[in-house]
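Trainee: I am new to this structure. Please walk me through it, one feature at a time.

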Amino acid sequence: MYAIAAYRSKKGKEELLREVLKDHVPILRKERLVTDRPPYLMRTTDGTFIEIFEWKSAAAIQAAHENAAVQAMWARFEEACTYESLVNLSESKEMFANFESVDL
């Protein structure tokens, strides 16, 4: 089950967001909640980060909500960014959405 998430950094928090993004999938992997497929990280023209990763199952998503390590990581996300709906990204209005590739 793939997830596509959009993260808009809060003012002055982009470096913190980058650090959280570095830790995100490794923490989920350590907790055995995501597959070994590599995640994709991209950026929109307005600086919003887009991440695509694969959960192991719907049960793994539910388990994440009760996992202390994941909850701590999500708290870091809350400090660093707001979540954005894909429909609000200007690229989503194009026939083919193009994003900048990001390496952390």
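Trainee: Which residue stands opposite Glu-100 in β5?

Mentor: First, what are we looking at? This is a predicted model, where local features need pLDDT of at least 70 and side-chain atom pairs count only at pLDDT 80 or more, while totals for chains, interfaces and linings use all residues. Residues are numbered from 1 along each chain as its sequence is written, and side-chain values use heavy atoms, with hydrogens and water left out. Helices (H or I, at least four residues) and strands (E, at least two) are DSSP runs, numbered from the N terminus. Two strands pair if DSSP finds at least two bridges between them. Now your residue: Arg-43 stands opposite Glu-100. Arg-43 belongs to strand β2. β2 pairs with β5 (residues 100-101) over two bridges, in the antiparallel sense.

Trainee: In what order do the strands form the sheet?

Mentor: Read across the sheet, strand by strand. The order is β4-β1-β3-β2-β5, an open sheet of five strands with antiparallel pairing. β4 and β5 are at the edges with a single partner strand each, so one side of each has no neighbour in the sheet.

Trainee: How many bridges join β2 to β3?

Mentor: Four, between residues 40-43 and residues 49-54, running antiparallel. One partner to find is Glu-51 in β3, which bridges to Leu-41. The hairpin leaves five residues between these strands, and Gly-47 there has a positive phi near 95°.

Trainee: Is Arg-43 buried or exposed?

Mentor: Check relative accessible area: buried means under 20%, exposed over 50%, and partly exposed in between (1.4 Å probe, protein chains only). Arg-43 is at 17%, so Arg-43 counts as buried. A polar atom of the Arg-43 side chain lies 3.2 Å from the backbone oxygen of Gly-47. For contacts, look for heavy atoms within 4.5 Å. Leaving out residues up to four places away in sequence, Arg-43 touches several residues, including Glu-14, Arg-18 and Phe-99.

Trainee: Which residues of α1 are buried?

Mentor: Start with the helix rule. An α-helix has 3.6 residues a turn, so residues three or four places apart point the same way. In α1 the buried residues are Leu-17, Arg-18, Val-20, Leu-21, His-24, Val-25 and Leu-28. Their cover includes β1, β2, β3, α3 and β4 (81-84). Lys-30 is also in α1, but at 70% relative accessibility Lys-30 counts as exposed.

Trainee: Where does α1 bend?

Mentor: Compare two axes: the bend at a residue is the angle between those fitted to the seven residues ending there and the seven starting there. α1 bends by about 30° at His-24, and Pro-26 follows within four residues. After α1 comes Arg-32, with a positive phi near 60°.

Trainee: How many residues has the largest nonpolar core?

Mentor: Such a core is a set of buried Ala, Val, Leu, Ile, Met, Phe, Trp, Tyr and Cys residues joined through side-chain atoms within 4.5 Å. The largest here has 22 residues, and those with the most contacts inside it are Tyr-7, Leu-17, Leu-28, Phe-53, Trp-55 and Phe-77. β1 (2-9), α1 (14-30), β3, α2 (58-64) and α3 (68-80) each supply at least two residues of this core. α1 gives the largest share, five residues. Now find Tyr-7: beyond its neighbours within four places in sequence, its contacts include Leu-17, Phe-53 and Phe-77.

Key:
Polar contact = N/O pair within 3.5 Å; in protein donor to acceptor, adjacent residues only side chain to side chain.
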